[in-house]
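User: I would like to go through this complex with you. Could we take it topic by topic?

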Amino acid sequence: MSTIASGPGAAGAPTDPSDVPGGGRGRGGVVWSVLRSRPQAAIGGTVLVLTILVAVFAPLLAPYGPREKVGPPFAPPSSAYPLGLDDGGVDMLSLIIYGSRVSLVVGFAAAAVAMLIGGSVGILAGYFGGKTDITLMRVTDYFLVIPDVPLMIVIAAIWGRSLTNIIIIIGVIYWTGTARIIRAQVKSVRERVYVRRAQALGASDSRIIFRHVLPQVAPLLVANTVLTVAVAIFAETALAFLGLGDPSLISWGRLIENAFVSNAITVDAWWAIAPPGIAVAVVILACTMLGTAIEDALNPRLRVGHLSVRRFRLRPLPAKDPQ
Amino acid sequence: MTKRVLFAIAILTMTLALAGCGGGGDTAATGTGADEGEGEVQKGGILRIGTTDGFDSINPFVAFSAQSYATFVDIYPVLVQYTPDFEWEGDWAESWETSEDGLTWTFHLKPGGKWSDGTPLTAEDAVWTGETILKYAKGPAANLAPFLLHVKSLEAPDPNTLVITYETPVGNVLPQLQQFFILPKHFWEKQATGNGKALKQYLPEKDLPVVSGGQYVLTKYDKKGTTILERNPGFYGSQPNPDAVGIQWFSNSDAMMTAFTSGELDFLSVPLTAVSAVEDDPRFEVLVADGYQINNFIFNSNPKKPENTELLDPKVKEAFAHAMNRDEMIEVVYGGHAQAVASIVTPAAGEWVNPNLEPEAYDIDLANQILDDLGYARGSDGIRMANGHRMSYEIITPDSLDGINRAFEIVKTGLAEIGVEVIQNPLDSTTAFDEIGAPEWKYLNFDMAMWDWVGYLDPNFVLSVVGCDQYGGWSDTGYCNPDYDKLYEEQGATADEEKRKQIVWEMQDILYRDKPYIQLVVLDTITAYSTNWDGFLPGSLDTYTKRYLGEPHQVG
Amino acid sequence: MRGADYFLKRTLFALVTVFVAITLNFIIFRATPGDAVTGLRCQFCTVEFKDQLRAELGLDKSKWEQYVIYLQSLAEGDMGRSFVTREPVVDELIDPLLNTLPMIALGTAFSIVFGILSGVVAAWRRGTFLDWGNLSFSLLFYSLPTQWLGLMLLIVFAGTLPASGIADPFLAFTDPSWWDTFVDRLEHMILPAATIGIVLYGEYALIVRSSLMEALSEDYVLTARAKGLRNWAIVWRHAFRASLLPVATLIALSLGYLVAGAILVEAVFSYPGIGLVTYDAVTERDYPVLQGAFLILTLSVVFANYLADLLYFKLDPRVAE
């Protein structure tokens with residue numbers, strides 16, 4: 001399926017790094033120029049960085065401890081507790097701040113796992129082509145067919161609910177999107193002149209992959225990983241909601257689940273439910289904006305739309321199976 | 001263009017049409033002869049009950065759940081039942097006598113009862129049920145055997161008289177017989193062949209309406225949905241007030257409470273943390289009653305356990321007990337609707353509870369003192385060392401227990417203050433019980449757990465769960481004490497109430513000393529009903545009398 | 001001939017995938033630590049009793065034998081019996097499936113209709129505030145966790161609309177007309193469907209917008225403009241038509257995942273659909289039901305993908321090479 005492209009780059013768009021022999025300016029250069037030129041990427045990136053900072057400095061920022069009972073259960077928001085208290089009398093604001101840690105860790109770690117698996121599969125399939133490609137793509141297709149949430153809950157229920165398990169489970173289920181995109185990119189990179197030159201000179205496959213191919217696909221890999229972070233964070237909330245998260249850890253997903261089982265709705269304690277969901281949405285939004293902006297900028301197909309003014313461009317979000 | 005629009009409309013219509021007739025769980029009620037006249041039941045005449053405790057089965061040989069038992073009380077005749085004051089009155093029995101030696105009990109039964117399929121109800125049904133249970137007591141009927149403990153024989157000299165003969169005088173005949181559900185012989189005898197396996201495998205829900213002889217007939221059963229009981233016109237007693245009772249199961253208590261406050265339900269058991277939502281609402285009345293559920297803390301008390309043997313030491317257990325902050329649990333986890341307890345026998349059992357036992361005081365200093373005296377010094381991370389290893393353990397918790405995560409947090413905090421680290425191992429109930437008994441019901445692996453027991457007004461059952469013969473049965477502690485077991489046998493065969501009481505108290509002393517459990521709190525039973533109805537009994541009576549679902553009535 | 005080739009290939013692929021799914025299904029559930037019988041808790045569940053139960057359920061045979069038996073039964077349409085209710089799995093799954101489908105259809109219809117509408121408007125008015133606002137909304141809804149959205153809707157509409165279930169179980173006692181039953185069902189279906197609809201709306205709006213923008217930049221559109229056709233006519237007649245297939249393809253793809261994604265919504269609303277059945281089977285360790293449900297979910301994804309493949313062929317026959 002053809003990549004559904006969006007509008008053109010703005011004036012001053014970065015040159016396609018794949019045209020630069022030897023790897024170009026590399027990942028940092030592309031991403032940075034994207035951030036500079038596209039507002040939504042900047043917004044997304046900033047929010048993400050802020051969230052990471054909150055997670056890192058949680059103990060300094062949170063007014064109370066995450067397990068500290070400071071008042072009666074389900075106390076409503078007040079000046080002392082701006083987001084009220086949960087069913088255990090713990091400050092919601094502190095919970096949100098501390099909860100960012102696990103949510104982000106799971107998000108990034110699972111995305112890293114997915115990137116490793118998907119990236120490897122994609123590179124191998126795209127570079128070697130032929131039987132390797134067909135086999136790997138078949139495997140990818142079979143993986144794609146298994147519904148994600150049911151598989152996650154089955155594995156979590158059977159193998160236990162530790163943090164590591166959850167990270168692995170999520171990573172192992174969501175690598176397929178990355179694989180496909182990277183494969184497509186690698187295929188095009190492979191045809192480049194300098195790769196062929198390197199092959200003619202007798203360079204080994206792994207050397208070519210690591211020195212030439214990988215740097216070319218790195219930006220796309222990064223973009224895709226950022227998008228996978230969004231999916232991973234969502235998957236964590238889904239698992240937690242179904243009671244399969246690690247109950248000793250505080251994550252945003254867990255906060256939502258806790259409210260659900262502790263009768264928050266019955267006692268009208270909306271403050272126990274709304275904030276964690278909003279926090280998740282904000283981070284997912286940020287990741288999505290950033291990831292699609294980078295992908296957008298790397299998209300070599302430029303299109304011109306005559307019927308409308310270009311100001312905001314957005315690449316359609318990949319369903320879990322982008323072609 | 002137009003074609004597309006039409007197509008879209010067609011799809012939408014089809015969707016909505018499907019909506020009208022899709023699978024669903026609840027279709028029209030199956031009418032039975034239970035209704036007077038037309039077979040229609042007025043909406044006003046249905047008592048709509050909500051619950052989050054579901055049925056596990058409607059086969060009396062299989063069921064464990066409280067919900068199932070509460071329903072059996074209504075659809076089957078039982079000889080006697082409790083009054084609202086917890087005295088005894090006859091249900092099927094009009095009156096009864098005991099012989100001098102206490103071995104023979106004669107029950108005179110109310111005449112004229114009919115099973116819901118029209119067959120007359122006679123004492124033969126009771127005899128058949130009793131004999132079948134006794135015959136298969138070690139096998140398929142093991143669930144029901146405790147209600148005929150020490151029974152030697154049953155006879156029906158005439159259709160309205162039942163004589164039960166015991167092998168030895170028994171102290172709790174009436175509490176036992178209150179749960180002796182009498183089944184229709186003409187219907188169940190075909191299952192009671194050979195080794196009786198069919199008794200357990202039979203699914204009554206395949207033959208609805210269930211042949212019932214109580215005040216209601218079970219006409220519709222849906223484990224994950226709504227179960228309906230309708231009036232039994234052949235009932236030997238006075239007809240219940242509602243035409244029918246519907247018990248709707250909810251997987252989530254918020255959903256249930258929302259349904260209640262929106263007027264979709266009339267009566268339910270209120271989750272303790274949701275009481276505040278209804279107690280001040282003029283549309284509802286709240287009933288608070290003594291509860292039967294005691295949440296506890298479990299130590300693996302199997303002396304053969306190979307690891308962490310410091311946990312077998314009663315002094316260590318005592319130290320842990322002093323680190324349990326029951327007050328905080330009551331406030332945070334149970335909304336204030338619980339009380340601290342010291343014994344496995346629920347306070348509602350009244351005189352049977354040993355009054356000399358007090359819940360261990362929450363005293364961190366004392367706990368630390370005890371552990372210090374035992375020589376368990378703290379390491380650099382504040383965790384004590386015992387027998388060469390850190391005092392760091394896993395505690396198994398079942399998902400099914402409400403508020404378990406919060407309760408665990410409180411336990412964890414308390415134990416941390418005395419230098420013990422604990423990690424939660426949350427499991428679903430089935431796996432949790434399996435882990436406790438591992439390996440293969442030898443109780444060698446686990447260290448500690450948290451669970452509950454729901455006792456009866458008579459202490460016999462709850463005292464039995466720590467018996468040596470309960471390995472692989474009810475035991476969740478691996479406790480085995482032959483002296484205790486001897487006392488258990490004795491109390492079961494003591495007819496004199498005072499004497500029995502002394503034995504029961506002594507047994508509780510032993511358990512308090514040995515501490516296979518730290519008994520934490522007993523939860524109140526809180527029910528609420530809409531003011532469109534009245535006449536409800538406190539929730540503590542739900543398995544104990546037909547009045548519970550017979551007396552409520554609509555008002556105005 | 002190329003078309004027929006492609007068709008055959010895709011069909012073969014779908015069938016093989018189904019077979020792989022069935023096998024994976026088996027492996028996942030039988031390769032688990034302990035079996036369903038291990039954890040039975042009851043007064044008389046001695047080791048002997050459990051072994052007996054294992055034999056009854058065929059759990060004592062070798063894994064390979066169990067696999068073969070499993071395949072044979074599947075061929076006969078027998079998915080085994082539930083461990084919990086001992087009813088045939090097929091019976092246990094049909095009703096929930098029939099419950100889920102209309103709910104999803106309703107939600108998807110909502111999201112498609114509004115998604116298409118807003119996508120069209122956005123592409124047409126691209127760059128304007130309308131576009132930007134619409135974009136933000138779509139993105140926002142796409143980012144909301146499904147179960148959280150469901151909870152929020154529950155809070156807002158509790159009291160006005162039923163909070164759970166598929167129907168009022170006591171309605172039957174009032175001798176309701178067909179219309180009453182229909183309205184009751186609809187009332188129970190609205191919130192779950194709306195949740196699904198809102199989350200999907202964002203996705204579809206964005207997809208429609210993008211594919212429309214691409215179509216709008218095609219040369220034939222430029223020609224049409226040069227000919228003097230009004231914007232509206234151009235957008236509607238040319239671009240929309242052209243982008244219908246890719247949109248339909250993407251919808252088909254996402255539909256496959258919907259049935260599975262319904263788990264979260266059904267959990268929030270206690271809606272007795274296939275998602276909730278799957279979840280319950282997991283917690284109850286009811287392996288036959290779980291296997292059956294999983295199979296159904298997988299098959300629906302395979303089917304949806306297959307449909308998408310066929311649709312895509314219609315869009316661009318070159319894909320057959």
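User: Where in chain C is confidence lowest, and where is it highest?

Analyst: This is a predicted model. In chain C, confidence is lowest in helix α8 (residues 219–226), with a mean pLDDT of 66, and highest in helix α6 (residues 146–157), at 90.

User: And what does chain C average?

Analyst: The average pLDDT of chain C is 78, and 77% of its residues score at least 70. The model as a whole has an ipTM of 0.80 and a pTM of 0.81.

User: On to chain B. In what order do the strands of the four-stranded sheet run?

Analyst: The order is β4-β5-β7-β6 (chain B), in an open sheet with antiparallel pairing. Because β4 (93–98) and β6 (151–158) of chain B each have a single partner strand, they stand at the edges, and one side of each is left without a neighbour in the sheet. On average, neighbouring strands of this sheet are turned by 20° against each other, direction ignored.

User: Which helix packs on that sheet?

Analyst: Helix α3 (residues 123–135) of chain B does, touching β5, β6 and β7 (161–166) of chain B. The direction of α3(B) makes about 160° with that of β6(B).

User: How many bridges join β4(B) to β5(B)?

Analyst: Five bridges join β4(B) to β5 (residues 104–109) of chain B, and the two strands run antiparallel. Within this pairing, Glu97(B) has Thr106(B) in β5(B) as its bridge partner.

User: How do β1(B) and β11(B) pair within it?

Analyst: Strands β1 (residues 46–51) and β11 (residues 267–269) of chain B pair in the parallel sense over two bridges. Ile49(B) has Phe267(B) as its bridge partner in β11(B).

User: Now chain A. How many helices and strands are there?

Analyst: Chain A has 12 helices and zero strands. Of its 323 residues, 55% are buried. Among contacts in chain A with a separation of 6 or more, 73% are between residues 24 or more positions apart.

User: Which residues touch the most other members of the largest nonpolar core?

Analyst: They are Met152(A), Ile153(A), Ala232(A), Cys287(A) and Ala293(C), in a core of 326 residues. Helix α10 (residues 205–241) of chain A supplies the largest share of this core, 21 residues.

User: What does Cys287(A) touch, leaving out residues up to four places away in sequence?

Analyst: Cys287(A) touches Gly44(A), Leu48(A), Val226(A), Leu227(A), Val229(A) and Ala230(A).

Terms used:
Residues numbered from 1 in each chain as written. Chains lettered and ligands numbered in written order. Predicted model: local features only at pLDDT ≥ 70, side-chain atom pairs only at ≥ 80, totals over all residues. pLDDT = per-residue confidence, 0-100. Pairing = 2+ DSSP bridges. Axes fitted to C-alpha atoms, helices over the stretch in contact; angles between N-to-C directions. Contact = placed C-beta atoms within 7 Å. Buried ≥ 20, exposed ≤ 12 C-beta atoms within 10 Å, placed from the backbone. Core = buried A, V, L, I, M, F, W, Y, C linked by C-beta atoms within 7 Å.
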